[in-house]
Amino acid sequence: MLYHLLAPLSDQFILFNLFRYITFRAAGSMTTAIIVAFALGPMVIRWLRRLRVGQVVRAEGPATHLGKAGTPTMGGVLILLSTTTAVLLWAELTNVYTLVALGVLLVMGGIGFLDDYLKVVRRRTEGLVGRYKLIGQGVVGLIVGSVLLFGDVSPVPATWTSVPFLADYHLEIIRPLFIPWVMLVLAGSSNAVNLTDGLDGLAAGLASIAAATFAIFAYLIGRVDTSTYLGLFYLPGSGELAVVSVALAGATLGFLWYNAHPAELFMGDTGSLAIGGAIGAIAILLKAEFLLVIVGGVFVLEALSVMIQVGWFKYTAKRYGRGLRVFRMAPLHHHFEKGGWAESKVIIRFWILGILCALVAFSTLKIR
């Protein structure tokens, strides 16, 4: 909004020329998201407490989690409000990259909100049935894939995607498989963040790291000089994703103020599905789906731990008549808790791993 209102006035007031710069608007976007989260946090917590929207704790989980029962959840509403406010104020709202990323954030958040509502308000333990959740995520992927495949979004073919560490090569996805590919990436990303959201501040901290990392990549890919120099795809207009990404990073940092251990507020599926979907959409728009695996390395490990645990348990139950486990408990963060690590230690160590993943991602800019 500010870009559209003030940038055209730069000829009369030179100060307004600042609004033409992505770096300036990105700084404003992140600051706005943090301030909005700080300001609205107490109100959101009081509102959820009045609604008696409390966390339900798994009986088989770590004993230290029993005290968290009843803590307000669905706090992802705060992340959605903060991110959306910042994007509407600072981003270019006619930019297709902005619209797609923001749209995915809100729709995925809506799916998560429905899931949370059924679980904690309607007291349906399973929440939104898994297949319906996947159908919703699939529809979002179908729309995004169709926009990219049939719309004139960028000069680079929609089916191309970059390969980390290789400047002169790219992967071309078979055209009929492109939309299923987008659906898979979006569903995988949103569900991976959802599985990671099990400890105070864990998912929020990792999400802020991942979003900030993609903000830098978006800025570089959106500039012809830096993208050419670094051997990246040049995607005109994609620099606006830097404004969206830092808004998401700021919103998750602001949310972390209330979600830090011991948490006063949980994001619930409202936040985790929205964050994962938005980060996945940004990676797809930047043609950096494989980079997403590196940047979100901890999310990937968390998701893999669940897949391995479930798969091995079912296989051994069928083969030997008794299900066996690979981990003490899945997702992976609970495995370490069951092994005696304090919750705060697991969180901080996983954040450190998230920072290392981001550094590895940045190394792909020069090791090419």
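**Entry 1: the pocket**

I began with the second largest pocket, which holds about 200 Å³ of space. Before going further, I noted that the model is a predicted one. For this kind of search, rolling a probe the size of a water molecule over the atoms shows where empty space is left.

Which residues lie nearest the centre of this pocket? I found S162, V163, L232, F233 and R368 there, out of 20 residues that line the second largest pocket.

Next I looked up which elements take part. Strand 1 (160-163), strand 2 (166-172) and helix 7 (202-221) are the elements that each give two or more residues to the lining. Strand 2 supplies the largest share, with 5 residues.

I also sorted the lining of the second largest pocket by class: 13 residues are nonpolar, 4 are polar and 3 are charged.

**Entry 2: ring pairs**

Then I turned to the aromatic rings. A pair of them is described by the distance of the centres and the angle of the planes. I counted 12 aromatic pairs in the model.

I looked at F19 and W90 in detail. Their rings are stacked, at 5.9 Å centre to centre and with 10° between the planes. F19 sits in the loop between helix 1 (2-6) and helix 2 (22-50), while W90 belongs to helix 3 (residues 76-90), so this pair ties together parts that are 71 residues apart in sequence.

Are these two residues buried or exposed? F19 is buried, because its relative accessible area of 10% falls under the 20% cut-off. W90 is buried too, with a relative accessible area of 12%.

My next pair was W181 and F290. The ring centres are 5.7 Å apart and the planes stand at 45°, so I wrote this pair down as tilted. W181 lies in helix 6 (residues 175-196) and F290 in helix 11 (residues 289-295), so the pair ties together parts that are 109 residues apart in sequence. I noted F290 as partly exposed, with a relative accessible area of 30%.

Back at F19 and W90, I asked which aromatic cluster they belong to. The two residues form one cluster together with F13, F16 and F24.

**Entry 3: charges over rings**

Last, I looked for charges over ring faces. R131 lies over the face of Y132, at 5.0 Å from the ring centre. I also found R349, whose charged end sits over the ring of W341, 4.6 Å from its centre.

Key
Residues numbered from 1 in each chain as written. Predicted model: local features only at pLDDT ≥ 70, side-chain atom pairs only at ≥ 80, totals over all residues. Heavy atoms only, no water. 1 Å grid on protein atoms, 1.4 Å probe; cavity = no way out; pocket = protein on both sides within 12 Å on 5 of 7 lines; lining within 4 Å. Points joined across faces, edges and corners; volume = space filled by probe spheres on them. Helix = DSSP H or I, 4+ residues; strand = E, 2+ residues; numbered from the N terminus. Nonpolar A, V, L, I, M, F, W, Y, C, P; charged D, E, K, R; others polar. Phe/Tyr/Trp six-rings, centres within 6.5 Å; stacked < 30°, edge-to-face > 60°. Buried < 20%, exposed > 50% of the residue type's maximum accessible area, 1.4 Å probe, protein only. Lys NZ or Arg CZ within 6 Å of the ring centre and 35° of its normal.
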